Amino acid sequence: MVRLFNRHRIRNMYTLDGVWKYVFDKENTGLEQKWYENFPADANDICIPGCWQNEMDQIYCEDVCWFMREFETRTDSINMVFGAVQNECDVYVDGKHMAYHYGGFTEFSSLMTNIGKGKHTIVMRVKNTNTDLDTIPLTHVDWFHFGGIIRSVEVHEIEGLWIKDVKVDYDLSDDLKSATVNTFVTVENITFEDLSDNITLSIGDEEYISLSIDVKKQEAKVFELDKITLNDIRLWGIFKPELYDVTVRLSNDDLTERIGFRKIEAKGKDILLNGEKIFLKGVNRHEEHPDWGHAMPQKLIKRDIDIIRDLGCNAIRGSHYPNSKWTLDYLDSVGMLFWEEIPMWGMREEPLKTPLLWERGLKMHEEMVKRDFHHPCIIFWGLHNEIDTRMEEAREGSIRYIEMIKSIDPKHRLLTFATMFDMTDICLDLVDVISCNKYIGWYGYKQPKEEWPEFLNKFKAHLKEQGLGDKPFIMSEYGAGGIYGEVRMEAVKWSENFQAEYDAYATKLFMDDPDISGTYIWQYCDIRSSQKLEMGRPRSHNNKGLVNEYRCPKLAYFKIKEIYNNK
Ligand code: ADA
């Protein structure tokens with residue numbers, strides 16, 4: 001339901017999308033008063049997935065809020081999957097604490113065995129209060145802290161043996177004509193007796209493997225299936241969305257994953273996809289809309305991707321957090337490239353010296369990479385954005401992130417992070433691709449955009465000197481602000497014409513530079529900024545969108561469309 005393909009033909013799965021009750025906990029007394037047992041009677045209705053800031057008169061930024069609804073099951077046991085809850089939450093079912101999760105953009109689940117068939121009540125306490133020390137994101141970020149249950153909650157009805165996880169890995173032959181598929185299946189026995197079954201594995205409509213298995217009571221066991229070699233494969237590529245469904249079945253359960261065969265490499269200064277050099281024509285996109293917050297519906301996500309394709313892009317950076325699974329499915333299915341990262345944004349000295357922050361980041365990376373391992377659209381895992389990468393703590397933390405990511409995904413993605421400390425960064429050698437965020441000619445108005453070439457020469461010389469001259473280099477953020485509708489005779493700051501001239505000048509300059517492998521303009525659409533960020537945000541928005549927050553194009557949109565479509 002939440003995916004673009006059918007994940008289950010045997011397992012019964014449904015979402016709890018629809019109307020829930022919600023109530024704020026301004027005094028933070030809900031726990032003490034056991035709202036998970038006695039939900040306040042004066043609660044209001046809210047549609048889930050949804051953010052409370054999109055309810056009438058509820059533009060509260062950071063808060064604690066409780067949610068409740070009833071649901072019904074036809075099995076004694078269920079696995080509940082929470083797509084994303086912004087930002088920290090506790091889950092209670094029938095008054096019992098079932099799960100705690102930190103982090104607003106990754107999925108988590110809770111196995112509930114023997115809760116019994118029939119009616120149940122779920123209550124969730126959702127906390128969206130951030131700090132400037134140990135939360136990810138921090139309070140001060142350049143987007144809005146929408147809070148709520150922002151993606152679907154799924155109920156998976158399970159019995160006996162169930163498929164907890166499937167990981168489909170592959171190796172390609174040197175000529176990229178065949179693939180050897182290696183599948184790992186985790187089967188869990190939720191009963192109190194030892195059970196046997198048969199695993200079958202199909203790719204597309206063809207069944208390849210049938211394996212007898214035994215799983216002891218209350219045990220989860222990983223089965224590595226025999227490798228399968230497929231010849232004459234269809235490679236996934238830019239606008240070539242060749243996908244394969246891999247289905248694992250037991251007698252009572254099944255799970256389909258969708259994969260695409262492709263090879264991404266950094267070779268010298270080039271980025272190669274399936275052996276061919278590519279240039280990333282990209283935009284940064286926040287998954288956000290004034291009327292939906294982060295809980296964007298499929299129709300609007302598709303609309304965004306359609307607009308971005310029309311712009312001539314082949315790549316999107318999911319700035320600054322894991323996007324909905326539906327977005328990634330859709331990118332897989334149209335053949336566009338994606339950069340995914342965690343909301344580790346702008347941390348400086350104090351937070352970077354705080355161990356809890358790094359622990360949280362590590363867990364988020366683990367959850368992100370595990371959730372999205374199968375998507376061919378993802379070519380980069382982004383470690384973080386504009387943290388103080390001049391600090392030793394940033395280097396140590398980045399190394400831990402890299403080790404974690406590589407332990408799950410050693411070969412299918414390149415690693416990068418967006419730096420703002422181009423000349424003084426001490427982490428650039430750690431990653432495959434160097435990504436630079438820079439706003440010459442925008443911030444610090446006295447410095448004209450014509451100073452870009454000088455900066456590029458200096459930075460490239462610096463990279464060479466550091467022995468990093470042979471890594472691909474991309475411009476991961478640049479752009480000017482333009483207020484929608486503000487068109488002037490002179491290209492003055494904040495006018496659409498200033499923005500159009502600026503974005504066009506910089507994009508052309510970077511695209512004509514043989515040392516640059518990609519451009520991600522900041523940004524696709526205007527977004528509501530944090531009310532706490534005091535850095536010149538007219539309308540409380542970051543106005544650097546090529547389209548405004550309602551997706552109406554600005555002059556810059558048409559300029560960039562011309563440039564991107566002509567290369
Ligand atoms: C940074 C940051 C973005 C945005 C941008 C800007 O590079 O990564 O999230 O805040 O600056 O508009 O200034």
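**Before the views.** On a 1 Å grid over the protein atoms alone, a pocket is an open set of points with protein on both sides within 12 Å along at least five of seven lines, while a cavity is a set of points where a 1.4 Å probe fits but cannot get out; lining residues have an atom within 4 Å of a point. Welcome to a predicted model, in which local features need pLDDT of at least 70 and side-chain atom pairs count only at pLDDT 80 or more, while totals for chains, interfaces and linings use all residues. Residues are numbered from 1 along each chain as its sequence is written, and side-chain values use heavy atoms, with hydrogens and water left out.

**View 1. The shell around the ligand holds 13 residues.** Asp142, Glu386, Tyr443, Glu477 and Lys544 are the closest of them (a residue is near if one of its heavy atoms lies within 4 Å). By class, 5 are charged, 4 polar and 4 nonpolar (Asp, Glu, Lys and Arg are charged; Ala, Val, Leu, Ile, Met, Phe, Trp, Tyr, Cys and Pro are nonpolar; the others, Gly among them, are polar).

View 2. β14 provides the largest share, 6 residues, and the elements supplying at least two include β9 (96-102), β13 (153-158) and α4 (355-372) (DSSP runs numbered from the N terminus: helices are H or I of at least four residues, strands E of at least two). Charged residues number 18 in this lining, alongside 12 nonpolar and 7 polar.

**View 3. The second largest pocket has a volume of about 540 Å³.** Pro49, Ile150, Ala295, Met296 and Pro297 sit closest to its centre, out of 32 lining residues. Two or more residues come from each of β3 (44-48), β4 (50-51), α1 (298-310) and α2. β3 gives the most, with 3 residues. This lining has 15 nonpolar, 9 charged and 8 polar residues.

Note on methods:
Points joined across faces, edges and corners; volume = space filled by probe spheres on them.
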